[in-house]
Amino acid sequence: MAESWILTNKPEFLAGFMAFKIKDPTVFPVAMFTESVLKMYKSKPGQWWNIMKFRTSKGGKLPLEFCLFFSDLLSIPPSSASLERIFSTFGLIWNKLRNRLGHEKAAKLVKVHRFLNLKTPLAELTELEEDFF
């Protein structure tokens, strides 16, 4: 599933992702996959990618944008309540019956739904809107 998403949205990252998946020693240092390193960064995968970003900036074989993407992706807090509310609203609006709804229109409908319910203070919604949309 990840491969198909990357192929569709970030095709330039597919080679790097596949190299990561097979732990290719020509791209990723073998030391980064040792048990002690993986154990150290198990709860902080974004930091593992930050190290790879640093190594890439020093002449590594990965595109810097690749490392930045995964570092940012894995640095998102998994239990942010406001983010969970937004995804829940997306699930209500962009469901199986509305699977042809484009992501821009779905985002607009989520904004309208959130503003009409106003269960979240308006200031927080504005901040989320800037970050998420």
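Two exercises with worked solutions follow, on a predicted model.

Residues are numbered from 1 along each chain as its sequence is written. Local features need pLDDT of at least 70, side-chain atom pairs count only at pLDDT 80 or more, totals for chains, interfaces and linings use all residues, and side-chain values use heavy atoms, without hydrogens and water.

**Exercise 1.** Determine which residues of helix H5 (residues 64-74) are buried, and where they lie around the axis.

Solution.
1. Helices are DSSP runs of H or I with at least four residues, numbered from the N terminus.
2. Buried means under 20% relative accessible area, exposed over 50%, and partly exposed in between (1.4 Å probe, protein chains only).
3. In H5, Phe 66, Cys 67, Phe 70 and Ser 71 are buried.
4. These residues lie on the same side of H5, because they cover an arc of only 125 degrees around the axis; the arc is that of the directions from the helix axis to the C-beta atoms.
5. Glu 65 and Asp 72, on the other side of H5, are exposed.

**Exercise 2.** Classify the ring pairs that Phe 33 forms with Phe 20 and with Phe 28.

Solution.
1. Rings of Phe, Tyr and Trp (its six-membered ring) pair if their centres lie within 6.5 Å; planes under 30 degrees apart count as stacked, over 60 as edge-to-face and the rest as tilted.
2. The whole structure holds 18 aromatic pairs.
3. For Phe 20 and Phe 33, the centres are 6.0 Å apart and the planes at 45 degrees, so this pair is tilted.
4. Phe 20 belongs to helix H2 (residues 14-21), and Phe 33 to the loop between H2 and helix H3 (35-40), 13 residues apart.
5. For Phe 28 and Phe 33, the centres are 5.8 Å apart and the planes at 75 degrees, so this pair is edge-to-face.
6. Both Phe 28 and Phe 33 are buried, whereas Phe 20, at 27% relative accessibility, counts as partly exposed.

Terms used:
Helix = DSSP H or I, 4+ residues; strand = E, 2+ residues; numbered from the N terminus.
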